[in-house]
Amino acid sequence: MSRFYKTLMTILLVSGASAAFAFDRYPGLGRLATPAEVTAWDIDVRPDFTGLPQGSGNVDDGMVLWEAKCASCHGIFGESNEVFTPLVGGTRASDIESGHVAALIDNSFPQRSTFMKVATVSTLFDYIKRAMPWTEPKSLSDDDVYALLAYLLNLAEVVPADFVLTHENIADVQARMPNRNGMTTDHGMWPGASAANGGIGNGGKPDVNGDACMSNCKTEVLVASALPDYAQDAHGNLAEQNRPVGPVRGVSSGDQAEAGASVDHSGATAVVALVNAKGCMACHGLANKIVGPGYNEVLAKYKDRADAEAYLIGKVTSGGQGVWGAVPMPPQGHLSDDEARRIVQWVLSGAQAQ
Amino acid sequence: MANDYARPGRVRPAPENFLSDEDIAAINKGGRRDFLRSAFIAASAALAAPAVARAQSAGDPAILELPPWSTSLGLPVAANPYGMPSKFERGLVRRESPGLTRVGGSSVAFTPLQGLFGIITPSGLHFERHHQGWHDIDPARHRLMINGLVKSEAVYTMDDLMRLPAVSRIHFIECGANTGMEWGNVAVPTVQYSHGMLSCSEFTGVPLKLILDMCGADYKKGRFILAEGADGSSMTRTIPMEMVESGEVLVAYGMNGEMLRPENGYPLRLVVPGVQGVSWVKWLRRIEVGDQPWASKDEAVHYIDLMPDGQHRQYTSTQEVKSVITSPSGGQILLDRGFHNISGMAWSGRGKITRVDVSTDGGINWREARLETPVLSKAVTRFNLDWVWDGKAAILQSRATDDSGHIQASYGQLRAVRGTKSIYHNNAIQSWKVTESGEVSNVQVL
């Protein structure tokens, strides 16, 4: 008996499953999941709170966690637009009454924050638990998630500062979500059964249809919008983004020097690929701070320091904090010595994108 | 043409573009043709003056002077164990749109549709959209779990999945936000950025129905499934059981004859034909059968379509009938007057493309384009139309119809119902303006 079948048998015994195992049509393929396995992966929480783990957390604890684990990307008040769109902002007390966010119509808030859109509080619990913090997903305990969510709800003025969020009162919070009545499923873009038949939407009927007119369809052509110059130039040299042969060529535009270099497969390009692949760019911009300093700032700080290379290799590999602020740089143990050296040399030589 | 807009002066370093359309027409009575030709001759003269001199007398140096590839030994087999495109094709790569997103791990890289032929997207050019970066997952450690309203909650290895009966199908995949930057006004210069969150591939895998049958899914109660990824975002989306039952939803490991690329979900992704890309969960680790939708983050905060009345449409999934001309298209310049093959792509999440009409006068008159084979359901269809460019300004448009009878609408028609803030599901008719100089640019016609 192969090892595989032995494991299969053991697992069948462990799970004590007597359920009809309908795998007979394709014998030997698949096995029953153990309850522990299902629990480990089945972490979703539905709007009716099916799947919500028991637990609790208060606003104060949430604030401490937030400042340590979340504020670097989302801002102290969830307002930051640096790494992602703001989580908080644009909702008012009257929205909590109506369940409709007025700023979605009157445009009084420049962004569309998370709280302006989300109708279901379950969504936020589910998402924070599965995906945040962005660079360390699935590292939070259930109580951490309750506390962080309590803090966010307080920032959005949905709950008071002394609030303790629990699995028992989360349904009451749902009743105060600012955009809770802001969703409709009455549309033609659900590819399953219609709402009338237990599904969603109108059964696939389009809301807009073009017309089939073939000649003299209108008397004049209204050009409503044309490409702004900045948008053409912002996309590099279009001549370099087209084939050098065929019926057309790309027009020359943008910063030629920069765009021309983008097809240069030099050593710098390889390092750029490396810092992308190793996740460094999640926290560092070439010329701007994200969570950690921009590489240009690092260069400016160390360009006159004799042992800069050795120091930075050590810092990149082992991590640390306090030079640029309280947020730590996590140790980057997945880098080989050679990779760390190449990246640091690239930073110290000006961190060119190409 | 009425309402022709004035294009503000732009810094364009190419020599031919220092002149306005009028200048070119005035200086070169023959118009663009002679002008371009003289520019090319000037350029080649600078490089190889003697050759040009000879060319004028005896013929084309490309013929008269044998090139190195005709007079030397080439490279051996397997010089590139995994073949790569010619170095002359290096401009046709996936690109980000500057400023669209803030961090590369939650961003988009667009497919260079302007350079593609036929209907299949080369795997290395398949567009990318990640929410939490991508990984190259060890297939030996990857598992697919089935749970929820099933008799037997089960686990499959890649070995198991790849032993099951497989099917191969060609389908398009389009991000729900494709063309999303253009809802309010023109924002991007080329079809790569306006429509490049679109790819079309042959996918190989197992119908999900077969696996759910094995597990004894409760099809009576379980009218929805949740698909979940194994990456940090563990992307989750609700999908209707009707689509699974139809047999078209696949648990796929193959793409264009090889395994999926890591950026596209290696070793396993869901294929949900006709539905926006976000539902084609990559690095698929789990399918749950349930009796209600889940309202996950990417169906309750994003991928919801804001309507003018302030309501968001939720669970919008189908990609409606759409088409775009890829050659000539924005940011290109026609080489010359005379014959041109207008070529483009059409697709619909509701089925097959039955017809594409093309206009060269901004939608006043239309001609029916040729649909090239194969014409497949929920796949890209290539269309072509003969066109003789007379050197006058033109506005090129295409309009597709699918076998449900749905006709692609104009910006005016779409905005009248959905406003300009929906972000998602912009399937408006695209317009490319051709000026007398042959330059093609992105415009919107109502």
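Residues are numbered from 1 along each chain as its sequence is written, chains are lettered from A and ligands numbered from 1 in the order in which they are written, and side-chain values use heavy atoms, with hydrogens and water left out. Because the model is predicted, local features need pLDDT of at least 70 and side-chain atom pairs count only at pLDDT 80 or more, whereas totals for chains, interfaces and linings use all residues.

A disulfide is a covalent bond between the sulfur atoms of two cysteines; the criterion applied here is a pair of cysteine sulfur atoms within 2.5 Å. Over all chains, a search of the whole structure finds one disulfide. The bond joins A:Cys213 to A:Cys217, with an S to S distance of 2.1 Å. The torsion about this S-S bond is about -100°, and the disulfide is therefore left-handed. Accessibility was classed by relative accessible area (buried, under 20%; exposed, over 50%; partly exposed, in between; 1.4 Å probe, protein chains only). A:Cys213 has a relative accessibility of 27% and so counts as partly exposed; A:Cys217 is also partly exposed, at 27%. A:Cys73, by contrast, is in no disulfide, and the nearest cysteine sulfur, that of A:Cys283, is 6.1 Å away. A:Cys73 counts as buried because its relative accessibility is 16%. For A:Cys280, the closest cysteine sulfur is that of A:Cys283, at 8.8 Å, which is too far for a bond. A:Cys280 is buried, with a relative accessible area of 12%.

The domain bounds come from an automatic or database domain assignment. In chain A this assignment gives domain 1 (3-41), domain 2 (56-174) and domain 3 (262-353). The contact between domain 2 and domain 3 of chain A takes six residues from each of them, contact meaning heavy atoms within 4.5 Å. The C-alpha centres of these two domains of chain A lie 32 Å apart. Domain 2 and domain 3 of chain A bury about 410 Å² between them, 72% of it on carbon and sulfur atoms; buried area is the accessible area (1.4 Å probe) that two parts lose on being put together, summed over both. Zero salt bridges are counted between domain 2 and domain 3 of chain A, a salt bridge being a side-chain nitrogen of Lys or Arg within 4 Å of a carboxyl oxygen of Asp or Glu.

Helices (H or I, at least four residues) and strands (E, at least two) are DSSP runs, numbered from the N terminus. In chain A, helix α8 (residues 121-131) contains A:Lys129. With a relative accessibility of 17%, A:Lys129 counts as buried. Residues up to four places away in sequence not being counted, A:Lys129 touches A:Ile43, A:Pro53, A:Lys138, A:Asp142 and A:Val145.

In chain B, the buried residues of helix α10 (residues 411-418) include B:Tyr411, B:Leu414, B:Arg415 and B:Arg418. These residues cover an arc of only 95° around the axis and so lie on the same side of α10(B); the arc is that of the directions from the helix axis to the C-beta atoms. The buried residues of α10(B) pack against β13 (305-306), β14 (312-313) and β24 (440-445) of chain B. B:Gly419, which follows α10(B), has a positive phi, near 70°.

B:Thr111 is located in the loop between β1 (107-109) and β2 (128-130) of chain B. B:Thr111 counts as buried, at 0% relative accessibility. Neighbours within four places in sequence aside, the contacts of B:Thr111 include B:Leu116, B:Phe127, B:Gln192 and B:Ser199.
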